[in-house]
Amino acid sequence: MSDDRAWHPDPRRGQGRAPQTGRAASGGDRTGWWVAGALVLTFAVAVAATLYVVSPDEPEPAPPAAGVPAGWRLVWSDEFDGPAGPPDPAKWNLVDDHLGYNNELEYYTPRNAVVDGQGRLVITARSDDAGGHDCSPRVCAATSARLFTAGKFEQRYGRVEARIKLPEGQGMWPAFWARRSPQGSGRGEIDIMEHLGREPDTVHGSLHGEQGYDVQNSYRLPGGGRFADDFHVFAADWHPDRISFLVDGQVYATERKADAPPGGWDFDVPYYLLLNLAVGGDWPGPPDETTRFPQQMIVDHVRVYAAATDPPR
């Protein structure tokens with residue numbers, strides 16, 4: 001049989017059988033020729049197989065970044081991992097005022113929000129210095145802190161989450177929420193987490209839009225647990241057609257745009273974030289003789305994600 005066939009290398013492996021050239025061998029020469037050829041071919045196949053294992057045609061996809069939920073891409077966060085002192089001014093504004101909303105009884109002061117040097121933001125409500133501040137027409141019951149990202153960060157759609165250990169006691173009203181941007185441009189609120197200290201096992205997730213659109217949902221810890229005893233992750237998954245509320249990764253309520261009244265869904269524009277510990281007010285009521293000060297709202301992290309399919313801004 002003739003051995004003058006054309007050589008066609010295997011394009012997948014980059015290796016092939018070389019054509020034989022010259023005269024046909026005879027006798028012992030022929031045996032040596034074929035033994036040598038077989039050894040060369042065996043070596044070539046082994047090398048090709050090794051190269052194929054190490055360098056496949058289609059590389060394996062990269063694993064997701066550690067801690068990032070599947071389907072999301074981290075776009076902003078504060079892990080509070082800086083030195084002890086005030087929160088990062090590049091990320092947060094701090095209020096120094098008695099805002100008086102909802103007939104609340106706290107005076108917000110920047111010194112009541114500190115990074116503890118151990119990776120946490122601590123917001124403290126205390127009563128021992130309340131007398132030095134003006135909460136007219138009411139009397140201040142405590143000082144506390146309120147942080148917000150207006151002018152520094154805003155987001156439209158995505159997952160917004162914070163890992164927080166909550167305070168306890170009558171009159172405590174911690175909240176992690178978002179408001180329509182820019183400030184004062186509308187009524188829109190996404191209350192990712194609100195907690196009344198008198199309800200130790202319960203948190204609330206709410207929406208406030210236009211045209212009187214107000215909806216509220218509640219989540220209760222199983223087994224009689226208390227939110228003051230440990231950290232929990234509070235989140236909202238915000239999509240163009242719906243917003244879901246989560247505790248520790250569990251969806252407990254979903255509100256849909258289709259169910260809002262005409263013009264009521266005000267959640268298609270950017271929002272900025274807020275963290276605060278209110279004291280007193282119409283909903284929780286004032287502190288009483290059972291309330292113990294100081295109380296702390298301890299924040300381990302705040303993270304904002306966009307859908308992994310959304311292009312980076």
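**Burial and pairing in a predicted model**

Colleague: At which pLDDT do side-chain atom pairs count?
Modeller: Residues are numbered from 1 along each chain as its sequence is written, and side-chain values use heavy atoms, without hydrogens and water. This is a predicted model: local features need pLDDT of at least 70, totals for chains, interfaces and linings use all residues, and side-chain atom pairs count only at pLDDT 80 or more.

Colleague: D78 is buried without a salt bridge; which is the nearest side chain of opposite charge?
Modeller: D78 sits in strand β1, residues 72-78. Lys and Arg count as positive, Asp and Glu as negative; His and the chain ends are left out. At 4.2 Å from D78, the nearest opposite charge is K91.

Colleague: Over the face of which residue does K91 lie?
Modeller: A Lys charge sits over a ring if NZ (CZ for Arg) is within 6 Å of the ring centre and within 35 degrees of the ring normal. K91 is at 5.9 Å from the ring centre of W76.

Colleague: What angle separates the planes of Y219 and Y252?
Modeller: The whole structure holds 13 aromatic pairs. Rings of Phe, Tyr and Trp (its six-membered ring) pair with centres within 6.5 Å; planes under 30 degrees apart are stacked, over 60 edge-to-face, the rest tilted. Y219 and Y252 are a tilted pair, 5.4 Å centre to centre, with a plane angle of 45°.

Colleague: Where in the chain do Y219 and Y252 lie?
Modeller: This pair links distant parts, 33 residues apart. Y219 belongs to strand β12, and Y252 to strand β15.

Colleague: Why is the pair of W265 and F267 classed as it is?
Modeller: The ring centres of W265 and F267 are 5.0 Å apart. F267 is buried at 0% relative accessible area. The planes of W265 and F267 stand at 85°, so the pair is edge-to-face.

How values were computed:
Helix = DSSP H or I, 4+ residues; strand = E, 2+ residues; numbered from the N terminus. Buried < 20%, exposed > 50% of the residue type's maximum accessible area, 1.4 Å probe, protein only. Salt bridge = Lys/Arg side-chain N within 4 Å of Asp/Glu carboxyl O.
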